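Me: I would like to go through this structure with you. Could we begin with the charged side chains and then turn to the interior?

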Amino acid sequence: MASCGSTKKTTVKISNKTKIESQFRYYKGTKYKFGGTDKNGIDCSGFTKAVYKNAFKIELPRTTKEMSKLGKKVSKKKLKPGDLVFFRPSRRYEHVGIYIGENSFIHSSTSKGVMKSKLDNVYWKKKYRFAKRLLKH
């Protein structure tokens, strides 16, 4: 007797880039708030922590400094979606974002909130420090 339902399970692998972009759409435009961790206002490390938790079920530390100690360094030429990118905008603070491919990263900017930026943007290019890979690719 023929069966119309299949018992085979189909696993759909969702790419890291797709998971990250879904999180970006959710948070896009959320205003920057120092110490913020949600849609009411979020800072760069709070945003990075939330994306990793929601997209990959990975708990990151709360601060940029602690995040920068994780994973292994990766060169700018070998970045993959999900890699953390670190910047030094001033002597007083550090900044973190998440690489999404095509020379772009998402982050919570003090001026525009959660947004996409280009690594070769004049401002970010000068402030770039290094990148770390936490995900298996």
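**Salt bridges, cores and a buried lysine**

Reply: E66 and K69 form a salt bridge, with 3.2 Å between the closest N and O atoms. A salt bridge here is a side-chain nitrogen of Lys or Arg within 4 Å of a carboxyl oxygen of Asp or Glu. The model is a predicted one, in which local features need pLDDT of at least 70 and side-chain atom pairs count only at pLDDT 80 or more, while totals for chains, interfaces and linings use all residues. Residues are numbered from 1 along each chain as its sequence is written, and side-chain values use heavy atoms, with hydrogens and water left out.

Me: Is E66 buried, partly exposed or exposed, and why?

Reply: E66 counts as partly exposed because its relative accessibility is 35%. Buried means under 20% relative accessible area, exposed over 50%, and partly exposed in between (1.4 Å probe, protein chains only).

Me: And K69? Why is it classed as it is?

Reply: K69 is exposed because its relative accessible area is 55%.

Me: How many salt bridges does the structure hold?

Reply: The structure holds nine. One of them joins the side chains of E94 and R88 at 3.2 Å, N to O. E94 also forms a salt bridge with R129, where the closest N and O atoms are 2.9 Å apart. This second pair links distant parts of the chain, since E94 is in the loop between β4 and β5 and R129 is in strand β8, 35 residues apart. Elsewhere, salt bridges that share partners join K17, E21 and E102 into one network.

Me: Changing topic, how many helices and strands are in the chain?

Reply: The chain has four helices and eight strands, and along the sequence they follow the pattern α-β-β-α-α-β-β-β-β-β-α-β. Helices (H or I, at least four residues) and strands (E, at least two) are DSSP runs, numbered from the N terminus. Of the 137 residues, 43% count as buried.

Me: Which residues touch the most other members of the largest nonpolar core?

Reply: They are F47, Y52, L84, I98 and I106, in a core of 22 residues. The elements that give two or more residues to this core are α1 (16-27), α2 (44-56), β4 (84-87) and β5 (95-101). Helix α2 gives the most, with seven residues. A nonpolar core is a set of buried Ala, Val, Leu, Ile, Met, Phe, Trp, Tyr and Cys residues joined through side-chain atoms within 4.5 Å.

Me: What about L84: buried or exposed, and why?

Reply: L84 counts as buried because its relative accessibility is 0%. L84 is found in strand β4. Leaving aside neighbours within four places in sequence, L84 has contacts (heavy atoms within 4.5 Å) that include T48, Y52, I98 and K132. L84 and Y52 are 32 residues apart in sequence and 10 Å apart in space, C-alpha to C-alpha.

Me: You mentioned K132. Which strand does K132 lie in, and how far away is the nearest side chain of opposite charge?

Reply: K132 lies in strand β8 (residues 128-133). K132 is buried yet has no salt bridge, and the nearest side chain of opposite charge, E66, is 11 Å away. Lys and Arg count as positive and Asp and Glu as negative, while His and the chain ends are not counted.

Me: What lies 3.0 Å from a polar atom of the K132 side chain?

Reply: The backbone oxygen of L70 does. Beyond four places in sequence, K132 is in contact with residues including S68, K69, L70, D83, L84 and F86.

Methods. A polar contact is a pair of N or O atoms within 3.5 Å; within protein, one must be able to donate a hydrogen and the other to accept it, and residues adjacent in sequence count only if both atoms are side-chain atoms.
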